[in-house]
Amino acid sequence: MTNAWYLYVFFAAALVCAGLLGLLGKRNLIKLLIAIEVIGKGVSLLLLSTGFAKGHILTAQALVITFIVVEVSLVATALALIINVYRHTKSLDVRNLAKLKG
Amino acid sequence: MIILFVALPLVVAAVLPLVGKVSRRVLPDLLANATLVFLLVYAAVTGRALIAGGPLLQQVTWLGEAVGIRLALDGFSLFMLVAVSLVGLAASLFAIDYMEHYGGKANYHALYLIMIAGMNGLILVNDLFGVYLFLEVAAIASYALVAFGLGHDELEAAFKYLALSVVGSSFVLAGIAVIFGMTGSLEFGAVAAALRELDAGAVVAIASALFLMGFGLKAALVPFHAWLPDAHPSAPAPISAVLSGLLIKVSGVYAMTRIFLNVFGLTPALSAVLMVLGAVSIVVAAFLALGQKDMKRMLAYSSISQVGYVVLGIGLGTPLGIAGGLFHLFNHALAKGLLFLTSGSVQHATGTRDLDEMGGLAKRMPITAAANLVGALSIAGVPPLNGFWSKLIIIIALVQAGEPVFAVIAVLASVLTLWYYLLMQRKAFFGPLNEKWAAVKEAPFWMTASTVLLALLCLGIGILFASTVATWVQPAADVLADGVQAVTGSWGF
Amino acid sequence: MIVQTALLIGVVLFSVLAIALRDVLRSAISLAVASLLLGIVFFKMNAPYAGVFEISVVAGLITVLFILTIALTRAGDEVRESRLVNWVFPLVFVAFVAVDALVMKSLLGKVPALAAGAEAGTFGEVLWKGRTFDLVGQIAVILAGVFAVLALFRKREKHD
């Protein structure tokens, strides 16, 4: 069982890493959101495979479905924000969003 | 029926848009505020009777059959519920006048109530995944509320907030997966019992690190704070008040302490990490606040600094330290809520947040100026206001526990805090009146009323601090001080 | 096992493509393909409901939302990505995957686990008896999303 778990977690970690790198390096707002989605894929794979390895696949399945519902809400909100940003700046470049400084 | 804390705001939020079709302003205002009044009364008046015989556990039944909704109310969650409904109500009263020119009021109140429901849900759940889920409910509502003004700054701040917050919740979920993989369960009590049986220090440390990053981002502790000074000032004033006063504490501090102290059990290493994070936040954010020209930005940095005090006190782990940290959490929620609301009154009257442009506003807005002074002195820790007592308890606890270095840091930083708050008060309200503001009038009724309410609470709790600590803070601190026993012993279903 | 590995490699590949491709529309489509493959992985893990959700909601609905947004924001200038990032980040990613491959197995081997009893019942029972509060949370999240979109696209009343 652990063998299979190892494989899934390996890929989940790779997905999360790819997403984080994209979030750090990309400048297009939609690309940033896609990177967030990739992180989400990694996390849902991690959750489901953990349940699979423990023999708790039904619970894990319920968690993943809830996670997907959360993701839809999040993506809808984020895309609405992006469209509003675009109406203001006519661009999707994150560098145009530099008026506030961290 | 403690599920009302979650269900009632949700139901009201769902019908508000329909109500908004009938009456644009009056009915939504009335319904939203009545809901919050009800929750406050329910929590503050009947709450203590509910948990008189130990923590209240509720299994909800639906059509006569038990379903999987299990809620737990103990001293700590009741304390947080009272804080949420109190500051939530004040900010909602303030919004009656303040949100008038934004439009879409029914929509605003609906989102606001969903955020409150999310926070209440997070406080009442007793399983790890529920913590994540309600964290996201509150967070998604708050992204939209930060951007509610639809201006450039608001949108930018909301997007940055969203991007960082999502990373935070991903870390939380990864930590939950690790714990789930190890123990095979998600319920607090079962996880705590299983972890004790397993004795898996190293893996718990990995999970703790993931939770620390996730909740640290939500609580805006110093290495993870970049989003807060953008998001909180850009939001409409009542939302800034709730974000700074409540959301970072519920989704950051509450979730973190509940899991670390009650489920994992506080280890010396974890305690040291929390204290260092708290101390660094206190100092760094206090210096950053000093250089700010924007009133709300200064308040935002001050929030980071004060959350540092809370984490320092709770991280210390002694009963007195925990009590001081929790008391400071409550006091900061009141005072910072108050200060963000008064800054909203000022912005409403003058249209600016720039401290250099203000000046002499006390002559035109005496009530707002007085309320602001109370809030500023309270956070800075001037006796006899409430903030003084909580900081004093934290410092005494630090000295007692043999941590003089942290105690000195806490004292010096509070001097710094006093300095920048006096700077703010002087620039904005005292001195000669800037001619531009000759026509400025005092804020409308509900805005003044809610700030006065919070200011009176700050004063009253400062004077009656001993009984407040005994009735509200101590039961909460006892739950945390009990550590793992609190959930393994009495939380079983 | 081999099929699963191939599918997972596909998921990672298309996810990386989704981030790396210059054209946003293409990257949205590769993200959808990645979701589709992940959905099949879920099916093979005996999680048919999660698989259906992943395919219909993530690969379907979310992709539609992405494409809608891309269509609405088409007229803007092309966003030039940083050159440095284009060179350095793939290297970082490859390095991470290498470390991941070396470390993960021994790391997970150290995770102590309680021997867990197998789950009883069907998915519906687990969801309804065990995780009902999640449904309340889901309703709250959906409400939050709906009201957020309504708030962000509302007509501004004139107030200046």
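Leaving aside neighbours within four places in sequence, which residues is Ser414(B) in contact with? The tour ends at that residue and begins with the whole chain.

The model is predicted: local features need pLDDT of at least 70 and side-chain atom pairs pLDDT 80 or more, while totals for chains, interfaces and linings use all residues. Residues are numbered from 1 along each chain as written, chains are lettered from A and ligands numbered from 1 in written order, and side-chain values use heavy atoms, without hydrogens or water.

**Select chain B.** The C-alpha atoms fill a box of roughly 70 × 60 × 40 Å along the principal axes. Colour by secondary structure to see 19 helices and two strands (DSSP runs, helices being H or I of at least four residues and strands E of at least two, numbered from the N terminus).

**Colour chain B by burial.** Of its 493 residues, 67% are buried (under 20% relative accessible area, with a 1.4 Å probe and protein chains only).

**Display contacts in chain B.** Contact means heavy atoms within 4.5 Å. Among contacts between residues at least 6 apart in sequence, 81% join residues at least 24 apart.

**Select helix H16.** This helix spans residues 404–428 of chain B and contains Ser414(B).

**Centre on Ser414(B).** Ser414(B) is buried, at a relative accessible area of 15%. With neighbours within four places in sequence set aside, Ser414(B) is in contact with Tyr309(B), Ala380(B) and Lys391(B). Next, select Ile379(B), 35 residues from Ser414(B) along the chain; the two C-alpha atoms are separated by 8.6 Å.

Conventions: Buried means under 20% relative accessible area, exposed over 50%, partly exposed in between (1.4 Å probe, protein chains only).
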